[in-house]
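Please keep the sequence and the model in view while reading.

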Amino acid sequence: MARDWVSLEVQNFLGKLDGVRANGNNWSARCPCRNDDQNPSLSIGQGDDGRVLVTCHRGMPCDIEEICTSVELNVSDLMPKKQEKKRKLTLVETYDFRDALGTLVFQKQRFVDEDGKKTFIQRRIDSETGEWVRNLDGVEKILYNLPMVCSARDSGETIWVVEGEKDVDTLSELGIAATTMPGGAGKWLDIHTETLAGANIVLVADNDDSGKKHAIDVAEKLREAGCVVDLKISRVKNKADVTDHLEAGLSLDDLEVFEPDEESPAEDTFGPLLEKLKEIFSKENVSDQVKISRAELLLSDINPGNQGVKNEGRLVEWSAFVNEVENDSYDWVIPNLLERGERVIVVASEGVGKTMLARQVALCSAAGLHPFKMTNMKPVRTLMVDLENPERIIRRTSKSIYGATLHYGHKETPDAHLLIKPDGIDLLKASDRLMLEDKLEQVRPEIVFLGPVYKSFIDPGGRTSEAIAIEIAKYFDTLREYFKCAMWFEHHAPLGSALASRDLRPFGSAVWSRWPEFGLSLQPDPTSHEGYVYEVKHFRGARDRREWPTRMKRGKIFPFEVLDFLKDD
């Protein structure tokens with residue numbers, strides 16, 4: 001007799017398997033780690049609490065982590081989510097967001113719980129089912145009260161921009177054209193600026209640090225779009241908005257002129273800092289240790305002596321260590337080439353194509369295509385951090401690689417991501433480290449590509465290049481350990497290096513020559529009679545034997561085609 005209920009975790013797991021068959025209260029399927037499992041060897045069950053129970057019955061069974069990785073899940077995804085005590089919510093108000101013609105696009109609902117705490121939910125009507133769904137996927141996040149705003153803009157009337165739908169309704173009752181963005185402070189979008197371009201604006205800041213900062217940012221964007229902006233703020237303190245101002249018995253004429261130069265939240269060291277700390281500690285699915293480490297990192301901008309949580313290593317007796325039961329098999333992200341947690345630095349002179357090579361490896365491996373052998377492999381999730389090239393050049397030069405990847409790969413949409421930051425980042429600053437970590441958390445890549453290395457920090461002066469490189473390398477190691485990813489970095493060769501130099505090494509500190517497991521240099525092959533043929537040299541001794549190419553040439557389909565591989569002895 002089959003179960004009367006199946007947990008969401010089990011349903012999700014079964015949906016990622018092939019050859020699923022029900023067997024009473026359990027299921028069987030082909031093991032996703034194998035291509036030859038025609039006689040299903042995987043059994044799936046459900047625990048009393050809804051957890052997924054998985055067993056591989058082959059002679060050398062696959063472990064749970066290997067199975068989960070093969071279907072792009074974490075082991076934690078097999079466990080039922082802890083149910084928090086549900087708060088009783090009472091609907092207070094519904095705000096309709098309509099386009100310029102008055103058609104409903106989405107709604108924002110305001111709820112309060114027993115303690116008076118506010119909760120906002122945004123929802124839209126699914127075009128296929130006609131039912132409400134609580135997300136705004138595929139919906140343009142337009143301004144509130146848009147029909148009146150467009151009419152006022154076209155007739156030259158002044159438009160009031162406030163923070164919150166309640167304040168818009170308060171002003172609308174007074175006959176004033178008012179609007180706000182749907183996401184709250186800090187969520188102003190380019191489409192909002194475009195809608196109001198050229199209009200006369202009264203912008204009212206909420207009387208708190210986040211409200212002031214938001215108003216300053218929006219005022220700057222609107223002025224750049226040709227708006228005349230009158231920046232105001234309530235005389236009522238303690239987070240007051242327009243509604244609080246009027247309810248205190250004051251009039252709109254009593255709003256004060258807000259002068260950012262005199263009262264800018266940027267001058268308040270601790271207001272924005274506290275907001276950022278709150279953001280760090282409010283993150284879900286992040287361990288307390290990581291939260292504390294990031295908070296210390298943020299505070300290090302104020303207290304440079306704070307070096308964060310130290311990794312004190314592991315002390316163990318040899319007798320216990322060698323007898324530990326561990327899985328020491330290779331954990332490949334690219335078969336026979338790159339293992340999870342390993343580091344690669346590629347060096348070449350300008351114009352050789354190390355960035356194109358990185359794109360080839362990133363896109364191919366994400367599409368399940370070995371980037372050098374062009375054979376099938378398990379797809380991996382990748383993130384490329386481009387610190388040098390503007391968007392239009394990246395798009396123009398990578399279209400052919402992406403097209404070839406789709407044609408030859410076996411995954412329809414590669415799980416490949418791109419962070420474009422041509423002005424570089426400064427990983428000596430806590431703010432840029434937190435930005436990068438946020439992007440890594442969003443993607444959770446298995447291989448991170450970054451380059452060029454020298455644009456990942458700015459020399460502050462007063463320190464040796466060796467000391468700076470050591471700090472940056474240690475930080476990259478921290479990311480590598482936390483996100484369990486491999487790293488592929490590109491670095492420039494020193495200026496004046498001969499293209500055929502046999503000693504082509506990373507520019508700057510010798511740290512970058514010692515740091516990676518694999519240090520590769522691309523150098524023109526002096527024995528070749530045709531152009532664009534390169535030898536793949538190793539500027540440091542490899543820490544393990546792998547199937548790296550030894551000669552490559554510029555390709556017609558992909559940027560590089562392999563001519564020879566490293567031969568076994």
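What is the mean pLDDT of the protein chain, and what percentage of its residues reach 70 or more? The model is a predicted one, and the mean pLDDT of the chain is 84, with 87% of the residues at 70 or more.

**Confidence**

Two stretches call for caution. Over residues 262-269, pLDDT stays under 50, and the model has 12 contacts there beyond four places in sequence. Residues 303-311 also keep a pLDDT under 50, and for this stretch the model has 6 contacts beyond four places in sequence. Where pLDDT is low, the predicted coordinates should not be read in detail.

Arg21 has Ser28 of β2 as its bridge partner.

Another open sheet of 4 strands has the order β5-β6-β7-β8, with antiparallel pairing. Its edge strands are β5 (90-98) and β8 (132-133), each of which pairs on one side only. The strands β5 and β6 (residues 104-112) are joined in the antiparallel sense over 8 bridges. Helix α4 (residues 165-172) lies across β5 and β6 and runs at about 70° to β5.

| Helix pair | Axis distance | Angle |
|---|---|---|
| α11 (residues 354-366) and α12 (residues 391-408) | 10 Å apart | about 40° |
| α13 (residues 430-443) and α14 (residues 465-483) | within 12 Å | roughly 25° |

For the pair α11 and α12, with an angle of about 40°, the arrangement is described as oblique. The crossing of α11 with α12 is right-handed. On α11, the contact is made by Met356, Arg359, Gln360, Leu363 and Cys364, and on α12 by Ile394, Thr397, Ser398, Ile401, Tyr402 and Thr405. These contact residues divide into 6 nonpolar, 4 polar and 1 charged.

For the pair α13 and α14, the axes cross at roughly 25°. Because angles under 35 degrees count as roughly parallel, α13 is roughly parallel to α14. The crossing of α13 and α14 is right-handed. The residues in contact are Arg433, Leu436, Glu437, Leu440 and Glu441 of α13, together with Glu471, Tyr475, Leu479, Tyr482 and Phe483 of α14. By class, this contact of α13 with α14 has 6 nonpolar, no polar and 4 charged residues.

**Two backbone details**

Most residues other than glycine have a negative phi, and most peptide bonds are trans. Two places in the chain may be read against this background.

Which two residues are joined by a cis peptide bond? The residues are Gly451 and Pro452, and omega is about -5°. Pro452 lies in the loop between β19 (447-451) and α14.

Where is the place of Met374? Met374 is found in the loop between α11 and β17 (382-386). The phi of Met374 is near 60°, a positive value in a residue other than glycine.

Technical notes: Residues numbered from 1 in each chain as written. Predicted model: local features only at pLDDT ≥ 70, side-chain atom pairs only at ≥ 80, totals over all residues. Heavy atoms only, no water. Axes fitted to C-alpha atoms, helices over the stretch in contact; angles between N-to-C directions. Helix = DSSP H or I, 4+ residues; strand = E, 2+ residues; numbered from the N terminus. Parallel < 35°, antiparallel > 145°, perpendicular 65-115°, else oblique. Left-handed = near helix turned anticlockwise from the far one by under 90°. Contact = heavy atoms within 4.5 Å. Nonpolar A, V, L, I, M, F, W, Y, C, P; charged D, E, K, R; others polar. pLDDT = per-residue confidence, 0-100. Pairing = 2+ DSSP bridges.
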